[in-house]
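Here is a short note for a colleague opening this model for the first time. Please keep the structure in view and take the points in order.

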Amino acid sequence: MVIENRNPQKKKKPLPRAVLAPLYGMHQMRAAKRTSERRPALRHESAEDMEKSSAICRAMVECHTSQDLLQCFLQHTASIPESAQLYPRYYGTILEQAIRQASLTLQDPYLALALFEQVKNRNIYSYVSGCTVKAYNAILAMRWQIWQDIHGMMTTVEEMNINGVGFDDETRAIVHTAVSEVESEMVLTGDKEHDGFTWSVDERRSANIMRELVGKWIFK
């Protein structure tokens, strides 16, 4: 069986540091925790913020090309200074909408990843305000629906775990869907893989790690 448009990040993926902290050194985990503890508290959206957020999201939905979407997103975010410590309350909402519009409607997942990385790497305040659990869920859903990229999903879940981005029901539902399909389709004889099967041993291993990270449940 061959899956089209499936492009895992790596053929082999090591166990995440969140799972094997003793092997990598606890100082790295403590450093990540200190960074998470310094994050500023998010503010609740006011009626005015929600109205502006809705207007921006509607504008992005009306974008019919990747270039239009990019320009629309930059129009509403580029004016924020690089050194800003206070971002609009709707920052994460418009990032989530941009990711979903780019990946699902425009079928341009690389633009979705580029927008996410831009917000993530701008500064810590941009990361905390923009890369919310909903934005991460949009990335997870994209990696599964477009590429069925188990390795990329595991990297994303590990990043959420290390940086203190809490999982929600949507996170668990996306991971549950992916893990269930991997476990239902993967066929092994001992530790040997067989040609023609959809999932590799390494992908099944990554799926199990994801399940452990987001919480245990019984698969039926």
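1. A term first. A polar contact is a pair of N or O atoms within 3.5 Å; within protein, one atom must be able to donate a hydrogen and the other to accept it, and residues adjacent in sequence count only if both atoms are side-chain atoms. The side chains of D202 and R205 make such a contact, at 3.2 Å. D202 sits in helix α11, residues 201-214. D202 counts as buried, at 7% relative accessibility. Buried means under 20% relative accessible area, exposed over 50%, and partly exposed in between (1.4 Å probe, protein chains only).

2. On the source. This is a predicted model, in which local features need pLDDT of at least 70, side-chain atom pairs count only at pLDDT 80 or more, and totals for chains, interfaces and linings use all residues. Residues are numbered from 1 along each chain as its sequence is written, and side-chain values use heavy atoms, with hydrogens and water left out.

3. The overall layout. The protein has 11 helices and 0 strands. Helices (H or I, at least four residues) and strands (E, at least two) are DSSP runs, numbered from the N terminus. Of the 220 residues, 42% are buried. The accessible surface comes to about 12,000 Å², and carbon and sulfur atoms hold 52% of it. That area comes from the Shrake-Rupley method with a 1.4 Å probe; for residues, only the protein chains shown count as cover.

4. Contacts along the chain. Contact means heavy atoms within 4.5 Å. Take the contacts with a separation of 6 or more: 72% of them join residues 24 or more positions apart.

5. The core. A nonpolar core is a set of buried Ala, Val, Leu, Ile, Met, Phe, Trp, Tyr and Cys residues joined through side-chain atoms within 4.5 Å. The largest one here has 55 residues, and M60, L95 and I150 have the most contacts inside it. Helix α8 gives the most to this core, with 10 residues. Domain 1 (50-131) and domain 2 (132-190 + 198-219) each supply at least three residues to this core. Those bounds come from an automatic or database domain assignment. In soluble globular proteins, nonpolar side chains tend to be buried together. Beyond four places away in sequence, M60 touches L69, C72, F73, I94, Q97, A98 and Q101.

6. Aromatic pairs. Rings of Phe, Tyr and Trp (its six-membered ring) pair if their centres lie within 6.5 Å; planes under 30 degrees apart are stacked, over 60 edge-to-face, and the rest tilted. The count is 5 aromatic pairs. One of them joins F116 and Y136: the ring centres are 5.0 Å apart and the planes stand at 75°, so this pair is edge-to-face. F116 lies in helix α6 (residues 109-122) and Y136 in helix α8 (residues 133-147), so the pair ties together parts 20 residues apart in sequence. F116 is buried at 3% relative accessible area, and Y136 is buried at 0%. Y136 also pairs edge-to-face with Y127, at 6.5 Å centre to centre and 85° between the planes. Y127 is buried too.

7. What does the side chain of N123 contact? It makes a polar contact with the side chain of Y87, at 3.1 Å. A polar atom of the N123 side chain also lies 2.7 Å from the backbone nitrogen of S126. N123 is in the loop between α6 and α7 (124-130). N123 counts as buried, at 17% relative accessibility. Leaving out residues up to four places away, N123 touches E82, A84 and Y87.

8. Two positive phi values. Q107 is not a glycine, yet its phi is near 55°. Q107 is in the loop between α5 (91-105) and α6. Q148, also not a glycine, has a phi of about 50°. Q148 is in the loop between α8 and α9 (150-162). Buried or exposed? Q107 counts as exposed at 54% relative accessibility, whereas Q148 is buried at 14%.

9. Last, I174. I174 is in helix α10, residues 169-185, and is buried at 11% relative accessible area. Beyond four places in sequence, I174 touches N137, L140, A141 and M153. I174 and W144 are 30 residues apart along the chain, with C-alpha atoms separated by 8.0 Å.
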